[in-house]
Amino acid sequence: MGLTGQKVGIDAGGSLIKIAFQERGVMHYKKYPIGELESAISWLKAVAPNVMAALTGGRAHILQGKFFPNGTIVPEFQATCEGVRLFFLEEGKKTPDPYIIVNVGTGTSWHLVDGERYERILGSGVGGGTFMGLGTILTNESGFQHLTEMAVKGQKENLDLLVKDIYESDEPPINGDLTAANFAKGLNVKHCGADRMAALTNMIAETIMLLTVQAAAIHQVKQIVFIGSSLIGNPFLTESLETYMKMLGLQSMFLKNGEYCGAVGALLSI
């Protein structure tokens, strides 16, 4: 396998290293856990010894210093936004204007895109790292896929106090299925690891939803584009976000290869 033009984009984040490259005119993607960084770079050096690398993400400077002294550093937010634009074209979707990108990675970041202008407007420590770290603490289980499967099987209402739990006989002032307090039933009701993962995933979705709706209101935006590795293979989280956005009158879009926006945006710079 050889890389067309010997060019590669690498997004080195807090949890994953994501690689984008072209082969015979077709874009390809690879990802590795950050703990397998050496293996990822060894593979890359083997297939493309003289590769030109464009690097982005929090660990980009580490990669540059250790493996790619001639590599180009691309600002993370620039790479992300440029990657999103390309994926809109590839998926045949009309580019909304303006819109907010919500990047759910290890943490979560928000970017406002208005024409050719883009800026990071918000950030939160709640994201995939929360899902993995707190999920492992709550269940004594590990592995992203395993935890996402547990979440799908769980019942969040076994742990979350819902609005309808408070207004048992009266008509709730808001949707009765909304959360009144996360994990509030933890000491009173029997629950299992799957329930804990469902409640945790819902809490992450609600946190992202609340920050998104505030950002959308401030910047007068209705279109929300969700990307990030924490959404891939995580149906509970993606479906929850989609439901909340619809409930709040916002239009949501999920890009097929959105987790690679940073790597692709970096690649486009060389």
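## A loop residue to start with

Arginine 24 sits in the loop between strand 2 and strand 3 (26-33); helices (H or I, at least four residues) and strands (E, at least two) are DSSP runs, numbered from the N terminus. Its phi is near 55°, a positive value in a residue other than glycine. With a relative accessible area of 73%, arginine 24 is exposed. Here buried means under 20% relative accessible area, exposed over 50%, and partly exposed in between (1.4 Å probe, protein chains only).

Before going on, please keep in mind that this is a predicted model, in which local features need pLDDT of at least 70 and side-chain atom pairs count only at pLDDT 80 or more, while totals for chains, interfaces and linings use all residues. Residues are numbered from 1 along each chain as its sequence is written, and side-chain values use heavy atoms, with hydrogens and water left out.

## Overall build

The protein has nine helices and 12 strands. Its radius of gyration is 20 Å, close to the 18 Å that the globule rule gives for 270 residues, so the protein is as compact as a globular protein of that length. The radius is taken over C-alpha atoms, and the rule is 2.2 Å times the number of residues to the power 0.38. Along its principal axes, the C-alpha trace spans about 70 × 40 × 30 Å.

Of the 270 residues, 47% count as buried. Among contacts with a separation of 6 or more, 60% come from residues 24 or more positions apart, a contact being heavy atoms within 4.5 Å.

## Surface and charge

The accessible surface comes to about 12900 Å², and 52% of it belongs to carbon and sulfur atoms. These areas come from the Shrake-Rupley method with a 1.4 Å probe; for residues, only the protein chains shown count as cover.

There are 22 positive and 26 negative side chains, and the centres of the two sets lie 6 Å apart. Lys and Arg count as positive and Asp and Glu as negative, with His and the chain ends not counted. Each charge is placed at NZ of Lys, CZ of Arg, CG of Asp or CD of Glu.

## Aromatic pairs

The structure holds seven aromatic pairs. Rings of Phe, Tyr and Trp (its six-membered ring) pair if their centres lie within 6.5 Å; planes under 30 degrees apart count as stacked, over 60 as edge-to-face and the rest as tilted. The rings of phenylalanine 21 and tryptophan 43 have centres 5.7 Å apart and planes at 50°, so this pair is tilted. It links distant parts of the chain, 22 residues apart: phenylalanine 21 in strand 2 (residues 16-23) and tryptophan 43 in helix 1 (residues 37-47). Phenylalanine 21 is buried at 2% relative accessible area, and tryptophan 43 counts as buried at 19%.

Phenylalanine 226 and phenylalanine 254 form a stacked pair, because their ring centres are 5.0 Å apart and their planes lie at 15°. Phenylalanine 226 is buried at 1%, whereas phenylalanine 254 is partly exposed at 24%. Ring pairs also link Tyr29, Phe87 and Tyr260 into a cluster.

## Backbone details

Most residues other than glycine have a negative phi, and most peptide bonds are trans. Asparagine 140 has a positive phi, near 60°, and lies in the loop between helix 4 (128-139) and helix 5 (144-153). Asparagine 140 is exposed, with a relative accessible area of 72%.

The peptide bond from aspartate 97 to proline 98 is cis, with omega near -5°. Proline 98 belongs to the loop between helix 3 (76-90) and strand 6 (99-104).
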